Amino acid sequence: MPTILHITTASTWKTVQQQGIYEPESLTTEGFIHTSTIDQVLTVAEKFFSDVPDLVLLVINTERVKPEIRYEQGTHDTDDNVEKFPHIYGPLNLDAIVIAVPLQPEVDGTFTLPTLPLIP
């Protein structure tokens, strides 16, 4: 299953489940939802979320995502670091989210990828 990942807070995830669709602030301010590949997510977590408590990692099946997904240069990349990140261009349908798992920083602010269950 092709997978991308998104970091959010547990409280946001709880609210999203009640609303039935995911529309984070970045969708309004930047026009897309930031996501990462499995190889990118720990770097993103450490750069932007090391001081944010109660995080969850949303595992997203790209085959179920209804809006367009574009792989584009990260908004914080420099010319010598042109890494392409997946961006979702529209509200994320919840049936594309396979599972949400806790993602907590270590004391030093680093993260370890949680064990993700086998997903069919």
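Guide: Ala 45 has its place in helix 3 (residues 41-48); helices are DSSP runs of H or I with at least four residues, strands are runs of E with at least two, and both are numbered from the N terminus. This is a predicted model, in which local features need pLDDT of at least 70, side-chain atom pairs count only at pLDDT 80 or more, and totals for chains, interfaces and linings use all residues. Residues are numbered from 1 along each chain as its sequence is written, and side-chain values use heavy atoms, with hydrogens and water left out.

Visitor: Why does Ala 45 count as buried?

Guide: Buried means under 20% relative accessible area, exposed means over 50%, and partly exposed lies in between, with a 1.4 Å probe and protein chains only. Ala 45 has 0% relative accessibility, so it counts as buried. Leaving aside neighbours within four places in sequence, Ala 45 is in contact (heavy atoms within 4.5 Å) with Ile 7, Ser 50, Leu 103 and Phe 111.

Visitor: How do you know whether Thr 8 is buried or exposed?

Guide: The relative accessible area of Thr 8 is 8%, so this residue is buried. Thr 8 belongs to strand 1 (residues 3-9).

Visitor: What makes the side chains of Thr 8 and Tyr 22 a polar contact?

Guide: The term requires a pair of N or O atoms within 3.5 Å; within protein, one must be able to donate a hydrogen and the other to accept it, and residues adjacent in sequence count only if both atoms are side-chain atoms. The side chains of Thr 8 and Tyr 22 make such a contact at 3.4 Å.

Visitor: How many aromatic pairs does the structure hold?

Guide: There is one aromatic pair.

Visitor: Why is the pair of Phe 32 and Tyr 89 called tilted?

Guide: Rings of Phe, Tyr and Trp (its six-membered ring) pair if their centres lie within 6.5 Å; planes under 30 degrees apart count as stacked, over 60 as edge-to-face and the rest as tilted. The centres of Phe 32 and Tyr 89 are 5.4 Å apart and their planes stand at 45 degrees, so the pair is tilted. Phe 32, at 6% relative accessibility, counts as buried, while Tyr 89, at 25%, is partly exposed.

Visitor: What places Arg 70 over the face of Tyr 89?

Guide: A charge sits over a ring if NZ of Lys or CZ of Arg is within 6 Å of the ring centre and within 35 degrees of the ring normal. Arg 70 lies over the face of Tyr 89, at 3.8 Å from the ring centre.
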